[in-house]
Amino acid sequence: MSTVGVHLTVNGEAREVEVEPRLLLVHLLRDNLGLTGTHVGCDTTNCGACTCHVDGEAVKSCTVLAVQADGSEVTTIEGLGTERDLHPLQEAFWKHHGLQCGYCTPGMIMAAADLLARNPHPSEEEVRHGLEGNLCRCTGYHNIVKAVLSAAEHPERASEQQPEPSAAGEAAGREFAAEGLGA
Ligand code: FES
Ligand code: FES
């Protein structure tokens with residue numbers, strides 16, 4: 001089958017990929033670019049596990065052809081934060097136990113990021129309504145909603161929230177750790 005060139009920016013990096021015209025964006029992200037944080041839960045636009053951002057808006061990437069994203073800016077969960085510098089939503093999901101198996105989590109967080117970009121101070125009802133397109137089989141949604149409300153209250157990155165420990169604090173911590181290890 002013939003292929004088509006797709007040029008897009010993914011997580012801030014320019015990418016060029018040759019794809020079959022029928023390829024879905026979610027498969028371009030996962031299979032061509034190795035960004036497996038974007039999940040496939042249903043392939044039929046129901047679950048939201050494949051949610052990423054295209055030109056700043058949350059989309060279910062199983063409903064978009066890769067060629068439709070030509071020229072777009074795409075952000076996936078990998079582009080939101082890093083292990084050492086979590087996005088406020090990632091931090092809040094961790095703190096409030098907003099996940100169990102984690103399968104829905106990347107899509108849930110990308111949908112929540114879009115929601116907070118449009119409505120930085122949502123009510124609980126607005127959060128529940130805003131995440132209606134994302135299904136979770138594990139959590140019962142309660143802690144997910146708590147996490148999103150918490151991220152709305154603390155929109156700074158975790159790295160901005162935690163001041164560097166003072167030299168005295170570090171020394172006391174080392175002493176405590178040494179005692180704890182029986183040194
Ligand atoms: S995989 Fe896209 S909505 Fe379920
Ligand atoms: S945490 Fe398992 S599906 Fe949501």
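**Conventions.** I number residues from 1 along each chain as its sequence is written, and chains are lettered from A and ligands numbered from 1 in the order in which they are written. In this predicted model, local features need pLDDT of at least 70, side-chain atom pairs count only at pLDDT 80 or more, and totals for chains, interfaces and linings use all residues.

**Sheet.** I looked up the strand order first. Strands (E, at least two residues) and helices (H or I, at least four) are DSSP runs, numbered from the N terminus. Two strands pair if DSSP finds at least two bridges between them. Five strands form an open sheet in the order β2-β1-β5-β3-β4, and the pairing is mixed. Neighbouring strands are turned by 40° against each other on average, direction ignored. Axes here are lines fitted to C-alpha atoms, for helices over the stretch in contact, and angles run from 0 to 180 degrees between N-to-C directions.

I then checked β3 (residues 51-54) and β5 (residues 73-75). They run antiparallel and are joined by two bridges. His53 has Thr75 of β5 as its bridge partner. Helix α3 (residues 105-118) packs on the sheet and touches β3 and β4. The direction of α3 makes about 40° with that of β3. Contact means C-beta atoms, placed from the backbone, within 7 Å.

**Core.** A nonpolar core is a set of buried Ala, Val, Leu, Ile, Met, Phe, Trp, Tyr and Cys residues joined through C-beta atoms within 7 Å. Buried means 20 or more other C-beta atoms within 10 Å of a residue's own; exposed means 12 or fewer, partly exposed in between, with C-beta atoms placed from the backbone. The largest core has 44 residues. Leu89, Met108, Ile109, Ala112 and Val148 have the most contacts inside it. The largest share, eight residues, comes from α3. Domain 1 (4-79) and domain 2 (88-161) both give residues to this core, so it lies between them. The domain bounds come from an automatic or database domain assignment.

I also listed the partners of Ala112. Leaving aside neighbours within four places in sequence, Ala112 is in contact with Leu89, Leu131 and Val148.

In α1, the buried residues are Leu25, Val26, His27, Leu28 and Leu29. They pack against β2 and β3. Six of the eight residues of α2 are buried, so α2 is largely enclosed by the rest of the structure. Among them are Gln90 and Glu91. Just after α2, His97 has a positive phi of about 55°.

Technical notes. Two residues are in contact if their C-beta atoms, placed from the backbone, lie within 7 Å.
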